[in-house]
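Please keep the sequence and the structure in view while reading.

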Amino acid sequence: MKSIYKPLGKYIQPIIGRNNDLGDLPLMGLSIQKKFIPSIANTIGTDMSTYRIIERNQFAYGPVTSRNGDKITIAHFGDFDKALISQAYIPFEVKDTNELDPEYLMMWFRRPEFDRYARFKSHGSAREIFDWEEMCNTLLPVPHIDKQREIVKEYNTIQNRIALNQQLIQKLEETAQAIYREWFVEFEFPDENGKPYKSNGGEMVWNEELQKDIPLGWENKSIFEVSSVTYGFPFNSELFCQDETLKPLIRIRDILSNVSETFTNENVDEKYLIKNGDILIGMDGIFHISLWFGGKAYQNQRIVRLRNDKGNNVALLQLYFSIYTPLKNWKAQ
């Protein structure tokens with residue numbers, strides 16, 4: 001059977017255009033999420049004629065790969081008819097969209113396999129670069145154009161469903177936050193008659209530590225008193241792989257997605273084993289926080305795990321939102 005894997009260079013070509021006419025076009029950058037984003041670069045006094053023009057349905061990528069960790073900055077442009085991008089990016093386009101669908105190609109670029117390939121093929125001493133020649137040598141499956149479009153259609157259907165589910169999850173989270181605030185901040189939880197406690201004469205006492213009144217019988221405790229806290233293990237990144245038969249790891253980037261994509265054969269104490277229902281916080285300055293429901297996996301360094309296992313009457317969601325809310329407010333400042 002004839003292989004459908006073809007060198008990408010057969011289907012793409014670079015774009016040469018410069019902003020020689022100094023057109024008033026939006027300036028865009030690329031993110032490691034593989035999207036075009038408005039640039040925040042200060043262009044005062046900059047010679048804008050050196051910037052490149054990119055048009056709808058074209059691509060651009062950053063050849064320097066050593067700055068981005070595991071991801072390659074590459075994206076398919078569709079926000080405007082035309083825009084400007086830095087000369088640091090390499091723009092290109094599909095030669096014939098009846099042979100290779102641009103959306104199908106972008107699907108391939110989103111795959112973690114492409115990121116690993118591009119990093120492996122990058123070279124250089126001071127900076128590692130995935131140059132144009134290596135891009136053109138990349139092999140990818142190119143089925144008949146009808147099949148490509150069918151795959152893209154199915155992919156977009158799934159993505160739309162995911163987006164809808166994320167909206168529903170967001171609504172549920174907002175509802176849960178509102179209930180947490182009503183019960184544990186405003187103390188309007190249902191009393192024995194099903195009425196809001198504080199506004200219906202519930203007895204309150206002064207708490208010196210919080211400098212506020214709290215319900216009678218309540219007390220203020222630290223997260224260390226109501227949950228067990230574990231800090232991640234410093235796994236050797238040189239042993240990371242994609243062999244799903246080995247131990248799955250949770251890295252900071254996995255906290256929000258609830259999906260582990262990294263594996264290792266390194267021996268580690270079972271105290272670093274994460275279970276469904278654990279609270280994870282990424283300690284990288286952004287402080288992502290999430291309830292983990294991605295199955296058993298091991299906790300990498302710079303992740304803090306909180307487990308609601310102290311046998312008290314603190315509910316899991318109460319513990320979660322008592323941390324989530326101040327973290328969110330702190331990041332918004």
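Arg56 counts as partly exposed, because its relative accessibility is 41%. The model in which this value was computed is a predicted one. The side chain of Arg56 meets that of Asp81 in a salt bridge, with 3.3 Å from N to O, and the pair links distant parts of the chain, since the two residues are 25 residues apart. Arg56 sits in the loop between strand 5 (52-55) and strand 6 (59-61), whereas Asp81 belongs to the loop between strand 7 (74-76) and strand 8 (82-85). Asp81 is exposed, its relative accessible area being 58%.

## Other charged pairs

By the rule used here, the count comes to eleven salt bridges. One of them joins Lys147 and Glu150, whose closest N and O atoms are 3.8 Å apart; these residues are three apart in helix 4, so about one helical turn separates them. Arg111, Glu113 and Arg116 are linked in a network of salt bridges.

## The second largest pocket

The second largest pocket, with a volume of about 760 Å³, is lined by 22 residues, and among those nearest its centre are Glu219 and Lys221. The side chains of these two, Lys221 and Glu219, also meet in a salt bridge (3.7 Å, N to O). Lys221 is partly exposed at 45% relative accessibility, while Glu219 is exposed at 60%.

## A nonpolar patch

Ile4, Tyr5 and Leu139 make a nonpolar surface patch of about 290 Å². Leu139 lies in strand 10 (residues 139-141) and is partly exposed, with a relative accessible area of 48%.

Key. Residues numbered from 1 in each chain as written. Predicted model: local features only at pLDDT ≥ 70, side-chain atom pairs only at ≥ 80, totals over all residues. Heavy atoms only, no water. 1 Å grid on protein atoms, 1.4 Å probe; cavity = no way out; pocket = protein on both sides within 12 Å on 5 of 7 lines; lining within 4 Å. Points joined across faces, edges and corners; volume = space filled by probe spheres on them. Patch = residues over 30% accessible without salt bridge, like charges linked within 9 Å, V, L, I, M, F, W, Y side chains within 5 Å. Areas by Shrake-Rupley, 256 points an atom, 1.4 Å probe, with all protein chains shown as cover. Salt bridge = Lys/Arg side-chain N within 4 Å of Asp/Glu carboxyl O. Helix = DSSP H or I, 4+ residues; strand = E, 2+ residues; numbered from the N terminus. Buried < 20%, exposed > 50% of the residue type's maximum accessible area, 1.4 Å probe, protein only.
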